[in-house]
Amino acid sequence: MERLTFRQRLRWFADYYLFKVILITAGAVLAFILLKHAMAPGYEPEAQILVISKVKGDYSAAEDQLAEKMGYSRSDHAVHIEYMEESTAFSNAVLGMKLASGEFDAVISEREHFHFFEDSGLLADLEAVSGGEILDLPEDRLIHCDGGQTLTESSDTQEDVIPGAVLPEHYISGIRLEGNELYSVCTEFMDDPVLGIIQSTDTMEEENVILQCAC
């Protein structure tokens, strides 16, 4: 070995050890990646809002402000705002399934489309979410819905909706957001934006924070 030249030593190393070194290095890198993924899996947002609009905006500012209200830092990714294009959302059954799955805490859409959520029984009673009282808002900012058995088909679009939900006789289903500072980045392309809280089986703490910020 001592008599070999530098080039010959490199050739000897390549012939006998290079492949093993590559395998060991690749294994170590893979083990590190798997360990890191196991220790810190993909984050699950504490609150998720669905925005349905003709044009997509930049929602990062609203996400950061809501996260701060909930006591999280920006790096925690505590709030996620997802966009759906208006014509796509109301042309198939995907929207109803996404909302009924419990993935979202709240939805923002134009007032003209809000009947979809009311008729489907997907919205919570805002008075119940807020602990029995709504902040002192002007009457024109509140969206009231008559209760009873929900429809099985939307009267405007003739699309099938989720049937069977029984609503209170009369409840507040949404809040108009026009002029609301927090949601201005979400609603800049909407004429009459409305926020509704989605029905949930948990304590609805995140939904209540979203509602208070909307007020």
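Q: What makes A62, E63, L66 and A67 in α3 count as buried?
A: In this predicted model, buried means under 20% relative accessible area, exposed over 50% and partly exposed in between, with a 1.4 Å probe and protein chains only. A62, E63, L66 and A67 of α3 come out as buried.

Q: How do you know that the buried residues of α3 line one face?
A: Seen down the helix axis, they fall within an arc of 130°, so one face holds them. The arc is taken from the directions from the axis to the C-beta atoms. On the other side of α3, E68 and K69 are exposed.

Q: Why is the pairing of K54 and E86 called a salt bridge?
A: The term asks for a side-chain nitrogen of Lys or Arg within 4 Å of a carboxyl oxygen of Asp or Glu. K54 and E86 meet at 3.2 Å, N to O, so the pair qualifies.

Q: Why is K54 called partly exposed, and why is E86 called buried?
A: K54 has 48% relative accessibility, so it counts as partly exposed. E86 has 8%, so it is buried.

Q: What makes R176 and D192 a salt bridge?
A: Their N to O distance is 3.1 Å, so the pair meets the definition too.

Q: How were these values prepared?
A: Residues are numbered from 1 along each chain as its sequence is written, and side-chain values use heavy atoms, leaving out hydrogens and water. Local features need pLDDT of at least 70, side-chain atom pairs count only at pLDDT 80 or more, and totals for chains, interfaces and linings use all residues.

How values were computed
Helices (H or I, at least four residues) and strands (E, at least two) are DSSP runs, numbered from the N terminus.
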